[in-house]
Amino acid sequence: MTELDPRTLTARGIAAAVRAGTLAPEAVAEAYLDRIATLEPQVRAFAFHDPAAVRAEAGRAAATRRDGLLAGVPIGIKDVLDTGDMPTEYGSRAYPGLRPARDAGAVHIVRRAGAVGIGKTVTTEFATAAPGATLNPFDATRTPGGSSSGSAAGLGAAFFPLAFGTQTSGSTVRPASFCGVVGYKASRHLIDRTGVKPLAESLDVVGLMARDTRDVALLAAAAMRRPELLPADEPPALPQIALFAPDEAVAPSATSLAVLETVAGLLGRVTANTAVPDWWLPLIEAQSDVFAWEGSACLAPERDLHWDRLHPATHDFLRRQDGITFERWQAGIAARDAGLADLDTLFAGADLLLTQAAPGEAPVGLGSTGQAQYNSRWTLLGTPSLSLPAGLGPDGMPVGVQLVARPGQDALLLALAPVIEDRLRAAGLPARPERP
């Protein structure tokens, strides 16, 4: 076989080489295992990682799954997705060593397509607020974001080329921005959630993460069983894009605004939409109320049976659900539906929105995973969104932009994201800092 370094290849390149017989899944696994052994103590991306098990799975992939879309590609699996061969602890001391009977549906599907599970990645407890042990791979004093902390940091550190996350507020898009990778939140119901720890039925989505947009489209094609989502050889022309940038961060978001405006200037065909409808700002509270009502039911067993084992931040999260009523949940759902009926006001005749992915660079400190105000409304509305690395902030940390399409327009979003990514790279815009 030709000597290839899998760590220099995209997920697409790895799978193509494995299918062609020029690269063995075992060699791919060894390359990434070597990287992990060197840097995992500095990043702490994994809740569970067993090199012997990875080698065994790579061997099985070499024997039986060499022709799939993800042939031989390592994938990090967030520790709220069930795995039958690895513990699934949901980031909590309440479930030490728990072994589900089978993989989550999405995990099973991508493994059937040839992916190799390289480990369980760190999540905040139950994908809520209590941070895990993971550090930002570019600055250990800063959060990697959450709740998909280990998946984002592991991608940023090049521990694997693909990863699963989840999103109920901003848990895929925000950490992707903080760690300089791509995070994609699909429209609801497109990726199976069987075997994923539930948090809020109206909000939960399995997130897909990668180091570039074409790889995230590859993972989407496999996870959704939709080969038409594979990256096209001939990229489409960019349609009209609307810049939507209400500055509403708790702290000023000059960094993300500056990067956003730079991207808009590079793309052309971007019109500024300054019309912020009356229903937009209250969606923050609406999403919070929907999350609280549904989360208080999903986490009732943990609250009632395992309180003493839960993190203090999870105690605080659960206490905040007290007093939420069914009527407030109903009002939140009604606010969502009213917004969906008036999406044209936001899109202003455009096919795609360009907006902020996060308030700016990953904040210093490990006690919080950052603010989700630029993500939670889109999650409530069910719009597909994608965080794309777009530049560096004043401290040299990654800053992403967020692309948003109408609900169900995932194919359009995934087709246009590489065009925008290519424009940024052609302009020499730094996508991420040097890896550790």
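The buried residues of helix α5 are Ser149, Gly150, Ser151, Ala152, Ala153, Gly154, Leu155 and Gly156. Buried means under 20% relative accessible area, with a 1.4 Å probe and protein chains only. That makes 8 of the 8 residues in α5 (149–156). Helices (H or I, at least four residues) and strands (E, at least two) are DSSP runs, numbered from the N terminus.

This is a predicted model, in which local features need pLDDT of at least 70, side-chain atom pairs count only at pLDDT 80 or more, and totals for chains, interfaces and linings use all residues. Residues are numbered from 1 along each chain, and side-chain values use heavy atoms, without hydrogens or water.

What covers α5? Its buried residues are covered by elements including α2 (25–43), β2 (74–78) and β3 (116–121). After the helix comes Ala158, with a positive phi near 65 degrees.

A cavity is a set of points on a 1 Å grid over the protein atoms alone where a 1.4 Å probe fits but cannot get out; a pocket is an open set with protein on both sides within 12 Å along at least five of seven lines; lining residues have an atom within 4 Å of a point. The whole structure holds 6 cavities of 30 Å³ or more. Strands β4 (162–167) and β6 (205–210) each give two or more residues to the lining of the largest cavity.

| Space | Volume | Lining by class |
|---|---|---|
| Largest cavity | about 70 Å³ | 6 nonpolar, 3 polar, 3 charged |
| Largest pocket | about 710 Å³ | 9 nonpolar, 16 polar, 4 charged |

Ala, Val, Leu, Ile, Met, Phe, Trp, Tyr, Cys and Pro count as nonpolar, Asp, Glu, Lys and Arg as charged, and the others, Gly among them, as polar. Of the 29 residues lining the largest pocket, Ser169, Phe291, Phe317, Arg320 and Ala372 lie nearest its centre. Helix α9 (283–298) and α11 (312–319) each give two or more residues to this lining. The most come from α9, with 6.

Last, the rings. The search finds 11 aromatic pairs. Rings of Phe, Tyr and Trp (its six-membered ring) pair if their centres lie within 6.5 Å; planes under 30 degrees apart are stacked, over 60 edge-to-face, the rest tilted. Phe46 and Phe160 pair edge-to-face, at 5.9 Å and 75 degrees. They sit 114 residues apart in the chain. Phe46 counts as buried because its relative accessibility is 11%.

Note on methods: Points joined across faces, edges and corners; volume = space filled by probe spheres on them. Buried < 20%, exposed > 50% of the residue type's maximum accessible area, 1.4 Å probe, protein only. Contact = heavy atoms within 4.5 Å.
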